[in-house]
Amino acid sequence: MTRLTSQMSWMSGEVLAQADTAGAGQAAGNAAAAAGDGAAAVADGAAAVANGAAAVADMARDPNLLIPNDGSFWLPGEASVGAGNVDWLFHALVWLSIVCFVGITIAVVYFTVKYRARPGHKPQPSAHHNDVVETIWTVIPALICVALFVGGWRGYVDLSTPPKHALEVQVTARKWSWEFVHPNGVKDSVLHVPAGRSVRLVMKSEDVIHSFFVPDFRIKKDVVPRRYTQVWFKAEQPTITPDQEIGDLPTDEQVKVAFVGDKANKTKIASQQGRRLFCTEYCGRDHSMMKTRVVVHNPGGYDRYLAFKQEEQDQMPPLERGQDVYARLCFACHTVDGSARVGPSFAGVFGTERTFVDGTSVIMDENYIRESLVNPQGQVVQGYPPSMPSFQGQLSEKEIDGVITYIKSLK
Ligand code: HEC
Ligand SMILES: [Cu+2]
């Protein structure tokens, strides 16, 4: 049943996306109307609905999504080893339901007509019980249920036990994006994997419950805060052709720098097609935007992708790096637009006086930001809870420099 529901939600994903945004539009509308600003509410609502329509159009148009035509009425094409088992069970359930439904309906209609009340007909005596018939109608459904259970159980066990030596990718879900971290430290918002190799995803959430779903691979797993969940898959078919892969990185350092700075590779990676990947647990306002793709590489392509990304991330200018860190780690509690979240906003604070709960104060400079990161409980800003976690040992020197540059840049 869960599988059935999941597939239905997969099929109506675009409708849901629209419903989400329409709902948000309505909520915004209500709030504004309550404030006595009817016209603005209508305008807001209309804007939200227009956004929703654009989002749906976007999803349909996304040229990077690979949606081949080998799917059936019920399911998209199978793109992972083991997807066949899931489909077999799904079809067995569907056909079983159809056969039972049609059979029972025909019998009901037939008996209703045959034994209908009419003049001259008395009620027929009915048998008290019949051991043979009762045994048959108990044993056969029981066997069918056991068979379905065994099929489902085996699939579940298979899904929760990744093969040893699988490639491991760390996944972080947050409102409203996915982040994938590869063994060499490369971070990306699109999942890249090699073809023909088992991939194990170790997943966690930074806020609410999300759910990882790749319909073509038939894998789905909740991503939960304060706990790791895992899922694995093995995709045999690359989603791109060999000439859509980037070339080998040159070995000479100087050439390498130029090669990495070259926008062509960046563009090439950004346009590599992949299979649909999205969050399938309603997780707040922009849930429908929590979608990306899985690019499956040809032999060697994954390693070149990793090498390129690593060089690129090494050479990232401080401002971009700071922005990157902010989006990954600070965004949940700090805004850059002046409004307070859990902690104070980063907008326009550099160089201003900060007052702490113990009454002391200091002008925010580079050292103060560094201190806030490694020892946040040392100076707690007045009006805020002492709830900032320490990032000591979790951020590199380069990343701290980046954060400082970024905060300074926010006027
Ligand atoms: C779980 C919430 C949380 C996260 C995540 C978090 N902070 Fe904070 N941060 C706070 C709170 C609460 C305060 C205010 C209390 C205090 O000073 O400890 C604060 C204060 C600060 C201050 C001092 C601000 C001021 O106005 O004086 C800086 C700088 C800062 N955080 C930087 C960061 C950076 C950079 C990150 C990401 C790497 C980060 N924080 C992640 C909650 C958080
Ligand atoms: Cu989500």
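Ligand 1 has an oxygen atom 3.4 Å from a polar backbone atom of Pro376, a polar contact (a pair of N or O atoms within 3.5 Å). The model is predicted: local features need pLDDT of at least 70, side-chain atom pairs count only at pLDDT 80 or more, and totals for chains, interfaces and linings use all residues. Residues are numbered from 1 along each chain as its sequence is written, ligands are numbered from 1 in the order in which they are written, and side-chain values use heavy atoms, without hydrogens and water.

**Around ligand 1**
- A backbone N or O atom of Gln379 lies 3.3 Å from an oxygen atom of ligand 1.
- For Val381, a polar backbone atom is 3.1 Å from an oxygen atom of the ligand.
- The ligand is surrounded by 24 residues, each with a heavy atom within 4 Å.
- The closest are Cys330, Cys333, His334, Arg354 and Met388.
- Helix H10 (366-374) and helix H9 (318-330) each supply at least two shell residues; helices here are DSSP runs (H or I, at least four residues), numbered from the N terminus.
- H10 gives the most, three residues.

**Aromatic rings**
- There are 13 aromatic pairs, meaning rings of Phe, Tyr and Trp (its six-membered ring) with centres within 6.5 Å.
- Trp74 and Phe90 pair edge-to-face (planes over 60 degrees apart), at 5.8 Å centre to centre and 70° between the planes.
- Trp74 sits in the loop between helix H3 (38-61) and helix H4 (83-114), and Phe90 in helix H4, 16 residues apart.
- Ring pairs link Phe73, Trp74 and Phe90 into a cluster.

Note on methods:
Rings of Phe, Tyr and Trp (its six-membered ring) pair if their centres lie within 6.5 Å; planes under 30 degrees apart count as stacked, over 60 as edge-to-face and the rest as tilted. A polar contact is a pair of N or O atoms within 3.5 Å; within protein, one must be able to donate a hydrogen and the other to accept it, and residues adjacent in sequence count only if both atoms are side-chain atoms.
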